[in-house]
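Subject: Structure handover

Hello,

The structure is below for your files. My notes on it follow.

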Amino acid sequence: MVVAPDKFKGSLTAPQVAAAVARGLREAAPDVDVRCLPVADGGDGTVDAAVAAGFLKVGRWVTGPVGKPVPASFAVKGTTAVVEVAAAAGLTLLDQPAPLDATSYGVGELLKAALDVGCTTIVLGLGGSACTDGGAGMLEALAKASFSGVDLVLASDVDNPLLGPTGAAAVYGPQKGASPEQVEILEARLEAFAQRVGPEHAARPGAGAAGGIGFAALAVLGARLRPGIEVVLELAGFEEAVRDARLVVTGEGSLDAQTRHGKAPYGVVRASGDVPVVAVAGQCSVAPGELGLKAAYALLDIEPDVTRCMAQADSLLGVLGGRIARDWVSE
């Protein structure tokens with residue numbers, strides 16, 4: 001069996017979810033071979049997924065989203081590095097929103113660190129950013145760096161352009177604390193920046209990801225965009241792992257209508273071929289079949305109190321792991 005969940009946001013990381021489910025599976029079916037392959041969709045947790053797949057975690061101090069130094073890390077295996085925007089410019093690094101001031105400078109510092117250790121393939125996960133600077137800070141930090149001969153892969157489930165009603169400021173600015181007036185300011189800044197850097201790239205899919213970091217990477221660094229879950233599954237060796245699997249268990253905090261749009265569980269379903277896939281979740285608001293799942297197991301089904309559900313997610317996932325074993329592998 002392969003256990004390949006994403007994180008339960010605000011509760012457990014993807015490796016913690018995988019470990020909890022695997023514990024329940026093994027307790028209920030001790031003879032079953034269980035392999036944990038935690039995944040991510042390109043957002044926060046991408047480095048954790050790489051480390052779980054055998055990458056080495058490398059720590060660095062970088063400039064945080066409001067200019068204060070923060071500890072961050074990226075993952076390295078051979079000449080491949082995995083870097084997260086969220087590690088250096090993430091919303092979780094802020095005590096309070098800073099929609100007009102947050103910078104992507106630290107992301108550039110992490111990319112430079114990956115170059116400095118000899119990496120020629122760099123995966124940049126674009127989720128969870130606090131900034132809407134178009135990647136200007138990142139480019140400033142990379143002013144003396146060369147990406148010649150480097151394959152920079154943007155891992156993202158976002159295909160928004162940089163500007164307009166579906167762009168970085170309009171769609172994601174409010175999520176980062178921007179008022180309607182501040183959204184207009186951010187939009188004007190991004191438009192001016194795009195005119196200087198490469199207006200022909202502003203409409204490219206993914207240019208609006210991570211507050212426009214996608215735009216700067218596409219326009220200046222020669223990056224290419226790929227669905228985040230596909231990249232992570234490749235890094236984790238999922239195709240080989242699932243080849244002889246009897247069942248795949250995936251999951252995320254909420255299985256809903258958005259899960260089909262680039263989220264990890266749906267990517268796992270698509271990559272699993274004929275192997276049946278079930279999912280664990282905090283809550284499930286769609287029919288499992290709509291996501292290609294054979295079944296879904298929700299924490300709220302066994303603990304209806306949301307607060308307790310989040311606090312006790314580890315033990316509850318163990319219970320669900322046991323249920324999955326009894327339903328699928330104990331006959």
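Which residues of H7 are buried? They are Val 183, Leu 186, Glu 187, Leu 190, Phe 193 and Ala 194, where buried means under 20% relative accessible area, exposed over 50% and partly exposed in between (1.4 Å probe, protein chains only). Seen down the axis of H7, these buried residues fall within an arc of 135°, so they line one face of the helix; the arc is that of the directions from the helix axis to the C-beta atoms. On the other side of H7, Glu 181, Glu 184, Gln 195 and Arg 196 are exposed.

Before the rest, the conventions. This is a predicted model, in which local features need pLDDT of at least 70 and side-chain atom pairs count only at pLDDT 80 or more, while totals for chains, interfaces and linings use all residues. Residues are numbered from 1 along each chain as its sequence is written, and side-chain values use heavy atoms, with hydrogens and water left out. Helices (H or I, at least four residues) and strands (E, at least two) are DSSP runs, numbered from the N terminus.

Domains. The chain is divided into domain 1 (2–37 + 242–329) and domain 2 (46–228), with bounds from an automatic or database domain assignment. Their C-alpha centres lie 29 Å apart.

H7 covers residues 180–197; at 1.5 Å a residue its 18 residues should span 26 Å, and its end C-alpha atoms are 26 Å apart, which agrees. The expected span is 1.5 Å times one less than the number of residues. The cover over the buried residues of H7 includes helix H5 (136–141), helix H6 (168–172) and helix H8 (213–220), with contact meaning heavy atoms within 4.5 Å.

The axes of H7 and H8 come within 11 Å and cross at roughly 5°. That makes H7 roughly parallel to H8 (angles under 35 degrees count as roughly parallel, over 145 as roughly antiparallel, 65 to 115 as roughly perpendicular and the rest as oblique). Axes are lines fitted to C-alpha atoms, for helices over the stretch in contact, and angles run from 0 to 180 degrees between N-to-C directions. Phe 193, Ala 194 and Val 197 in H7 meet Phe 215, Ala 219 and Val 220 in H8.

Two loop residues. Ala 210 is in the loop between H7 and H8 and has a positive phi of about 55° although it is not a glycine. At 9% relative accessibility, Ala 210 counts as buried. Thr 132, in the loop between strand E6 (121–125) and H5, counts as buried at 5%. Leaving out residues up to four places away in sequence, the contacts of Thr 132 include Leu 186, Leu 190 and Gly 211.

Regards
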